[in-house]
Amino acid sequence: MTSAQDWTGRVGDVWADEWRRTDRSFADLSRHLDAAIAVAAPGGQFRALDVGCGAGGTSLALATARPEAVIVGIDLSPSLVAVANDRRASPALPRWRTPRTAGDSSDTPALATARRHGEDDASITFLVGDALDLATAHAPFDLLCSRHGVMFFDDPVAAFATLRQVAAPGARLVFSCFRDWIDNAFAAAPARALGIAVPGSGPGPFAFSDRSRVASILSAAGWRDGQAAPVDFVYRAGEGDDPVGDALDMLQRIGPAASALRMQAGAERAASVDRLRAVIDRYRTGDVVDFPAAAWIWSATA
């Protein structure tokens, strides 16, 4: 599975190239996460840390919801941080808000302005490097957040203890992570078709699927009142005139199927691609391919 160091090279480069489709795939989750972050943010001016900020979507959503914020986003990938900086500088940045459902949190007051980004944004700084190293220079933080960026630490207790050290007293921590592999069909269904093994508990996208384990990590690291809210969401892998082709292209570049296909060539790879296409086709509805997915949104207090 993907490790922290993978993000400094090829994996980070691919995600930077694919940021529009990855933002689309997480859009339904992001509306829940962005709302939770906005609710946890303190009143008045505050400092926020976005751990594993990626292409900057979570930082930018917070900036438009709370323009008085001072936000530092940190990621290991130079390519992703370059995208984040480009998006920050753009006067009109796309905020993927589909699929819309009843009660979409983008309609709440906290996120009413999370549409456009320009000169009136909050102060945002995007940095390349290890968040555990760089955060100290910008501490203390009143809010720490992450969209799926905290599951790659080799020693998660030590990592969250460091995050606790850079947090101001009473600071809030809010982050998302995947629930069980089997509940995330975009990963599990292709894996079954291609014979990919279920991931273990080591660093990687599904490292924090066990709720009890994460609760113990947070407690051991000095965070209190840790709570996890389950969120079922739609992972949109494809859309448009050829949604299956769109999803097939994405899943050959992002996710466990992509890792397996990189090890194959010739007839073996062609057969695997055919099996992957058949899996994707089962999740097509009209002009979209939507996989059921499941996450936790964690919150805790320093």
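Guide: Helices (H or I, at least four residues) and strands (E, at least two) are DSSP runs, numbered from the N terminus. A161, for example, lies in helix α7, which covers residues 156-165. The model is predicted: local features need pLDDT of at least 70, side-chain atom pairs count only at pLDDT 80 or more, and totals for chains, interfaces and linings use all residues. Residues are numbered from 1 along each chain as its sequence is written, and side-chain values use heavy atoms, with hydrogens and water left out.

Visitor: How many helices and strands are there in the protein?

Guide: The protein has 12 helices and eight strands.

Visitor: Is A161 buried, partly exposed or exposed?

Guide: Buried means under 20% relative accessible area, exposed means over 50%, and partly exposed lies in between (1.4 Å probe, protein chains only). Since its relative accessible area is 23%, A161 is partly exposed.

Visitor: What share of the protein is buried?

Guide: Of the 302 residues in the protein, 55% are buried. Helix α4 (residues 57-65) is mostly covered, with nine of its nine residues buried. Among them are L60, L62 and T64.

Visitor: How is the packing of two helices described?

Guide: Two packed helices are described by the angle between their axes and the distance between the axes. Axes are lines fitted to C-alpha atoms, for helices over the stretch in contact, and angles run from 0 to 180 degrees between N-to-C directions. Angles under 35 degrees count as roughly parallel, over 145 as roughly antiparallel, 65 to 115 as roughly perpendicular and the rest as oblique. Helix α1 (residues 10-17) and helix α5 (residues 78-89) pack at about 25 degrees, with their axes 7 Å apart. The helices α1 and α5 are therefore roughly parallel to each other.

Visitor: Which residues of α1 and α5 meet?

Guide: Contact means heavy atoms within 4.5 Å. From α1, the residues G12, D13, W15 and A16 meet S79, L80 and V83 of α5. For classes, Ala, Val, Leu, Ile, Met, Phe, Trp, Tyr, Cys and Pro count as nonpolar, Asp, Glu, Lys and Arg as charged, and the others, Gly among them, as polar. The contact of α1 with α5 has four nonpolar, two polar and one charged residues.

Visitor: At what angle do α10 and α12 pack?

Guide: Helix α10 (residues 243-251) packs against helix α12 (residues 266-282) at an angle of about 125 degrees, and their axes are 10 Å apart. That makes α10 oblique to α12.

Visitor: Is the crossing of α10 and α12 left-handed or right-handed?

Guide: A crossing is left-handed if the near helix is turned anticlockwise from the far one by less than a right angle, and right-handed if clockwise. The crossing of α10 past α12 is right-handed.

Visitor: Which residues form one aromatic cluster?

Guide: The cluster consists of F26, F178, W181, F186, F206, F233 and Y235.

Visitor: Where in the backbone is a cis peptide bond found?

Guide: The peptide bond from A139 to P140 is cis, with omega near 5 degrees. P140 lies in the loop between α6 (131-138) and β4 (141-147).

Methods:
Phe/Tyr/Trp six-rings, centres within 6.5 Å; stacked < 30°, edge-to-face > 60°.
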